[in-house]
Structure formats: C-alpha cells, structure tokens
Amino acid sequence: MILKILTHGWLDRFFVLLFWLGGFSGQFWLDDPQKAFLMSVITIITANFILYFRVSMRLVLLTNADFRSVLPNYYRLLKRSLVTLLVVSLLPALTLISQPMVMLSVMSLLLILAVLLVALTYQPKLYFLVIALLLMPVSIEEIAIQWGDLLINVGSFSLPLIALLSYVLIQHIERFKSNRKYIERMLLVSSGSSSMDLVSIEETNYNAQPAWRRWLSNSHFDYYRSMLRSDKAMNKLQLIEVACQGLSSLHRYSYFVAIAVALIIALVSKALFPSFEQISLIMALLSIALIVLGNIAPFQIISKRRAQLKQLASLPLFAKEKSFSTSFISYLFKQQLKLYGTVILANLLLMGVQQQISSVVIINMLLVCVFFMATSMLIMLSAWRSQTNHDNSAIAGFLGIFVVMSITVMIGVENNLALWTSQLFLTAVFVAVGLAIAKISQCRNRVFA
Amino acid sequence: MQSLNISPSSGIPIYKQVLSQVERMIINGHLSCGETLPSVRQLASTLQVNPMTISKAYGLLEERGYLTRLRGRGMVVAEQTQTVSEQGKVAMLSEMIDQLINEASLMGVDQESLLRLMNQRIKDSTNSTDEE
Amino acid sequence: MSQVISINNLSKAYKKQQVLNNLSWEIRAGDVIGLLGKNGAGKSTLLKSILNIEVVEQGTIEIFGENNQQLSCTNKNKIGYVPQENDEIPWLSINDLVTLRKRFYDQWSDEKVAGLMQRWDIDGSKQVSELSPGQMQKVLIMLALGPLPQLLILDEPAAALDPIARREFLKELVELACEEEISIIFSTHITSDIERVANKVAVLDKGKICYFDELDNFKESVVNLSFTHTKGQALAIPHLLRSECQGNQTHCVVSAVDQSWLDQLASQDVSYHINQLGLEDIFMELTR
C-alpha cells in the first residue's frame, strides 16, 4: 500500500517504464554496442531520476502526515517499502549493463542520486548548492576523459559503503522533518502531478499562494475587475470570459511577453554566436509552452467551473435558445485563434532573425495550426459534453496529438517537405476539421452535459 | 402574544399548538374581549413560522367564535358568552383528562386506582392551600 | 392559485443508475415546500432538472406555464437559485460578484442586496476565496434574492450555517413567505429546518415524490398507533407501514389514520391510542 502511495500517478509511472523499456529495446535496436551501452546508462539514470524525484516528494508528505503517529507499524512498513523500492530500482542497472565495474558504479551513482534528491526535498535550500555546482566552469567531457576510469573504480568499490549509508538513513527516517508551509506547497504540486493537473492551484486558498503569484494573477484579474466595475455594458462573450479566468490562466500579456523574450534570446544569441543554429530549438520550446499552457490549462479550468457555467447558462441573459452555447463556442474559438496566431507570429519572427521565410514553411505552419485547433476543439467539447468525467483521457489525447504532430513537424523540417503534398497529412487535417465542425454543430444546443 | 411557546419538532402540528394556546389564553382571561391580536405576518415573523400556519390557526379560532375579524383592525378577541366560555373550559379540561386516562391505561393503572389517586391529589392540594 | 411548476413523468439516469423514475409533481404559487430525501436520493438532480441545468432525458417540466428548455427571459428573471456547492469565481470580491451576477438579469434590487449584506454582516470587499463555507452560503442566498424572485429554489441552503445564521436565514425565508405569491422549494435532510418554515412537505424516495402534502396533514396522518387487545388476536391494520407485536400489545406506524376502522375496534373490545410522531421520525418511517 505504501509503495503504491510512493509511486502514485499514472504519468510518472508511464515515463519511468518508458525509459526502462527504452533501455531494454536499445540493446536490440542499436548495432553499435558502444552506443547501446551509452543509451542504457542514460535511460536508466533518467528513469531513476524521475522515480526518485517523485518518491522523495511523497516521502516528505508521508513523514509529515498527521497519521504517522496514529497508525501502528507506520514507520516499519514505510522503511520496508523504501528498501524494496530502492532494490527494485537498481534491477534495470543490474540486468542491462554488461560491464561489471560500470554496473557497480552506476548503482552507486543511482543511490547517491536518491539520497541527494531526498535531501533536496527535505531541505530546499540545498538547491542553491546544486545550481552553483552546475554553473561551475568545468567541462564534464574533460572530467570524463581524464578521471573517467578512476571514478568508475572509486564508484564501484564504494558501493557497499554507499548502500550501507542509504540503509542507515532509511532506518532513521522518522527523524526527518520539514517546514509546514513548504509541505503544503509540495502537497499541491504532487497532487497536481499525479493526475496531470496543471490547474491544481485553483482549489487552494488564495492566501496560501506565494506573493509573486498573487501579484501576477491579480495584475491579470484587475483587468476583468475594472471591466465589471465600469458602467460600460459587457457583452455575453466578455461575461463568459470573466467566468473562465482562474489562477492558472495564461496572463493577458503573456503572449507578448513570450514573443518578446524569444526574440531577445534569438537576437542576443545571434549577435554573440553568428553561427547560431539552435533557433529551431527555441521555436519548438516556445510553441510547446504556448500550446500546452494555452490549451490544457484553460481546458482544466473550465472543466472545474462546469457547474458554475451551467448555472450561468440558466440565467435570463441567455434565455434565447442556443444563446449561451453560441457565445461560449465563439469565446473558445476566439481564444484558439489568439493562441495559434501568437504561435505562428512568434515562429515567423524567430525565423526571420535567422533566415529567409519560405512560403512552404508558412503554409506548413498554417496547416499544422489548423490541425491543432480542430483537434483541440474536438477534444475539449467532447470531454465537456460527456456525462462522465473524461478529463484525464482528454489530456492524454492532447499529449498524444502533440507527440504525433511534433514528429510530423520534425520530419517535415528535416527533409524540407511541403506537408500538403502528403496525402496522409491532408486527410488527417480534413478529418479533424470535419469532426470538429460536426462536434460544434452538435454542441450548439448545449455545451455541457 | 409573546408568551406563545411553539415547539416545532413535537409531533403536534404548529397550527394546533397556536390554536390551543390562544384558546387557553382567552378562556382563562389572559386575553380580554376587544383586544387586537398581531397580524398574521407579524405573528409569523415573531414566532418564525410559515404565515399560512398562523392564518390557519386564526381561521379556526374565528370559526369557533373566539376571534372576529374587524375591518381595519384585524383579528380581535370576540365577546365570550357565558355558555361558550363554560363550554370551552369543559372541552379543554375534558381533553386533558382524556389524555390522563389514556396514559394511565397504557401504564396498566385501572380506573378505580386512577380515581383514588385523583381524589388524593385534590385533597392534598386543598390542604396545602389551607396551610398557607 | 396558478401552477408555478408542473413536472410530468420525469426520468433521469446516471450511467445505469436510475435517479429519478417517472416523477410527476405540481407546485402552486405561494407554497413553501421542504423537499426531504436521504443522501443521494436525487434532490439536487431534481432541482437542477427543473432549472434545466441538468438535461431532462424523459418527461416535461413547465415553469410558469412554459417548457423549461425554452423559458422566456421574463420568466427566467423571476427565478432565484442557490446551488449546493460553491462554484463561484474565487478571485472576485463579493461586490464584484454581485455586479457580475447583476449583469445577467434585467431586474435587480440593489436595496435588497445591500440590506441583506448589512443584516447578515457580509463584508463586500472580501474575496470569495477568503470566505468560510457558512459565509459563502449567505452570499449565495443573497445573490439568489437579488433579482427579487417569485420562485426561489434552494439546494440544501442551511447545511453550512451555524445555528445563529441558520435562524437568521429561516427568518428571512419566513419574511419572504409573508410576501405575496412567492413560491419556495428548499431541499434538506435536516427536518427541523422544514418544521417552522414550510407549509408543505415533499419526500423524495426511490426516484419518486412518494409523499407531498401539507405539513400539518403530514404530521396528523403518519402516526404511531398502540393497540391493547386479547393475546393472539390478529388485526388487519389499514395503511400499515410497520408493526410490532408484544403479547397483548401491538405498536404500529400507519401512513394515514382510518377513523372509521378505529371506531369499529371498540366493538371488538380493542382499545387504541394515537401517538404523534416528530417530522424526523415520520421521514425515517416513510423512507425506511
């Protein structure tokens, strides 16, 4: 049971398994044994990092939970689960890495990683130390070449010592305490992460927010508050917009800020390194951030506000048939246009810094955005219209489409393809748009089930 | 009318409670002839009960001749003829005695013992008033 | 008096569970109705269906003589609703919330809202997220009364209130009931809320309104009967809900008193006694 709590959350489990499986499959895929070996080491470390990171967060909560002193055998079971978890997490390293010395040193590295991550979650101040270490002007490559063998030797021979240390630390787990306020924030993050909930802040007390967040969201909400307080009449779209804003909504100015920041980075890096080629990376990161935050966050906020919106729909203003659903869908459409307009604009600007913009690229981008818009409207409306809660499957759908589209775009960019020449892609766009239109016309009577 | 004591959670409907209490107040002279009763709204508001309950009670009191509705003044205590008030007293006491008999039969006390007890109590109470 | 709400053969199911089953109900103007039902009996679903917040799958609902799915603006202005859960926007202050709500209505009484705010000690500058559940409940009730409704639907309005606030709220309801022609439906599972304020009681059980009558009739008809009879004598009690026999005594609960049958008992040498039940006991007996 405790093991289940420690590793709770389908998304984390999914990624951990994915990386472990990736390590296994690498053994079969890659012909070059050197590459395969490197890949399994990297995947194992990544998977275990995710695992330890999550577990350490839950561990803080468990050792500070109120029922720790009420339940019998609480710490005994917790310790046993922790030992089991550590042993199991070392198994992939044991099976995948064929060189015994490297295997042992990777295992020590993993144990150190686990201890370090737990220490970091209990004492967040230590993060500064880690950041300082990362910023040290030392090249990792040089260390690996100069000290690599020595490190492997030291690592493998000190494994018993490190294992003993971790065991002793686990046995003293009841002495670890953490700051109350910090734990509350941790609870929020970990409950949000377990169900891929970007907007778990919505349900917390406003005053528990850090000051900068409060300031930020207030600067966003003030616009709507002043809109309400002014005597000017508000149209239906504006009223719906007010009701759809939450603490985790994208800030009103975030589109401009995102574009400005990206531009500055691009310009600065171009000035400093004339042969800068990472512009596509900046583009990708920016687009991902905008699309995820601009799609999933509003979707989840509205899902949480469903009851409120349904109630608003029953008020006199929306007495005319289809009045609410029409306004709501127009609002949604407007938001989507804004979002993808920004994404296209930002990408064009960034590209303009580096190279000429071809019409092929523009049309590609437009097509991809049309596809995104159609699918996300489809997913959102389908989830809201269904009687049962499908929010999680909707998120999975968003992510799935995202992965598929990223790969498509990557292939397109790599080979400088015009996407409209691909029949498969065109069919997908047409089907998505058709389905979206059908869904919208179905929702014109009623948006929420 | 402040002295009305309503217990909403008892099994007896509230209108009956109001009815019997006002009836009692009129019979034993707490409310004298010609006195104006608070309006349905006022009484409902002070007792915090539904106004329909009060108007039902008032209606029944009017039917039984305890109250009369006067234009512009509202509900007023009607003049009680000797016979009506006598009848009222008898009816009220009979109701209470009925209750007593019922309780006694449930406890398994027979009629003779009840009567004996009754006489005993009457004697005791007259004695104690004499001593004073 | 005219019909305010009439429901015909309403059915509603979630997944495969039938919540409302062929329910019919008529509500007349001026009634103050306490809707009783166990947890999960479907009280909220019924109230939300009336307001078209939940989709009606089968059956029809009419409010002020109009189908509730095509309710005109004039009639929507006459309805106030207090939801069970607070889903209000957390980042608005109470004053902002009032102005927001006001924009959805054609008619709105600022005096009424200001008066309630003062009487109920509501601080308009506070944010929704700062309020306790009880305070929020008051705000929700205030918002529902803003448009001066002729039909007020309250879903467990007093659940989060402390005893003092609860009294205040019930008092407000009585004041409202004194006004002409306002109809109030409030759901609750706390029977004492009903006893003062309501003039009618409806009991929702197994997807149907299994009882709907005046509160006084309700109390007078569902009673506890005790019989004293000769040992082993079997009684065919009409409207029987539950009975228990101990020697020469039978205790039972009936849903209606058949006076002529009771009068016959004297000839069979059976004595009986009627004990009145409190509303809570009646409710328990009916939904047992």
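Two residues are in contact here if their C-beta atoms, placed from the backbone, lie within 7 Å. Keep that cut-off in mind for the first point. Chain A and chain B do not touch. Their nearest C-alpha atoms are 29 Å apart. One caution before I go on: this is a predicted model.

Now the pairs with them. Two pairs of chains touch, and the most contacts are between chains A and C.

Take A and C. On the chain C side, 29 residues are in contact, and they meet 28 residues of chain A. Which elements of chain C give two or more residues to that side? Helix H2, residues 73-76, and helix H3, residues 94-102. H3(C) gives the most, with three residues. By class, this side of chain C has 14 nonpolar, seven polar and eight charged residues.

Next, B and C. Here 19 residues of chain B are in contact with 23 residues of chain C.

H2(B) covers residues 40-47, and H3(B) covers residues 51-63. Their axes are 8 Å apart, and the packing angle is about 125 degrees. Are they parallel or oblique? Angles over 145 degrees count as roughly antiparallel, and 65 to 115 as roughly perpendicular. H2(B) and H3(B) are therefore oblique to each other. The crossing of H2(B) past H3(B) is right-handed.

Which residues make that contact? From H2(B), we have B:Val40, B:Arg41, B:Leu43 and B:Ala44. From H3(B), B:Pro51, B:Ile54, B:Ser55 and B:Tyr58. That set divides into six nonpolar, one polar and one charged.

Now step back to domains. Chain B is divided into domain 1, 14-77, and domain 2, 82-131. The centres of these two domains of chain B, taken over C-alpha atoms, are separated by 28 Å.

On to chain C as a whole. Chain C has 288 residues, and buried residues make up 38% of them. The secondary structure of chain C comes to 10 helices and 14 strands. The C-alpha atoms of chain C fill a box of roughly 70 × 40 × 40 Å along the principal axes. Now look at contacts in chain C with a separation of 6 or more. Residues 24 or more positions apart account for 68% of them.

First up, some backbone geometry. Most residues other than glycine have a negative phi. C:Asn22 has a positive one, near 55 degrees. Where does C:Asn22 lie? In strand S2 of chain C, residues 17-28. C:Asn22 has 13 C-beta neighbours inside 10 Å, so it counts as partly exposed.

C:Lys206 also has a positive phi, about 50 degrees, and is not a glycine. C:Lys206 lies in the loop between strand S9, 200-205, and strand S10, 208-214, of chain C. Is C:Lys206 buried or partly exposed? The count is 13 C-beta neighbours inside 10 Å, so C:Lys206 counts as partly exposed.

Last, C:Ser221. C:Ser221 lies in helix H8 of chain C, residues 215-221. Buried would need 20 or more other C-beta atoms within 10 Å. C:Ser221 has 15, so it is partly exposed. What does C:Ser221 contact, leaving aside neighbours within four places in sequence? C:Ser255, C:Ala256 and C:Val257. And one pair distance: C:Ser221 and C:Asn9 are 212 residues apart in sequence. In space they are 27 Å apart, C-alpha to C-alpha.

To wrap up, back to the chains. A and B do not touch, while chain C is in contact with chain A and with chain B.

Note on methods. Residues numbered from 1 in each chain as written. Chains lettered and ligands numbered in written order. Predicted model: local features only at pLDDT ≥ 70, side-chain atom pairs only at ≥ 80, totals over all residues. Axes fitted to C-alpha atoms, helices over the stretch in contact; angles between N-to-C directions. Helix = DSSP H or I, 4+ residues; strand = E, 2+ residues; numbered from the N terminus. Parallel < 35°, antiparallel > 145°, perpendicular 65-115°, else oblique. Left-handed = near helix turned anticlockwise from the far one by under 90°. Nonpolar A, V, L, I, M, F, W, Y, C, P; charged D, E, K, R; others polar. Domains from an automatic or database assignment. Buried ≥ 20, exposed ≤ 12 C-beta atoms within 10 Å, placed from the backbone.
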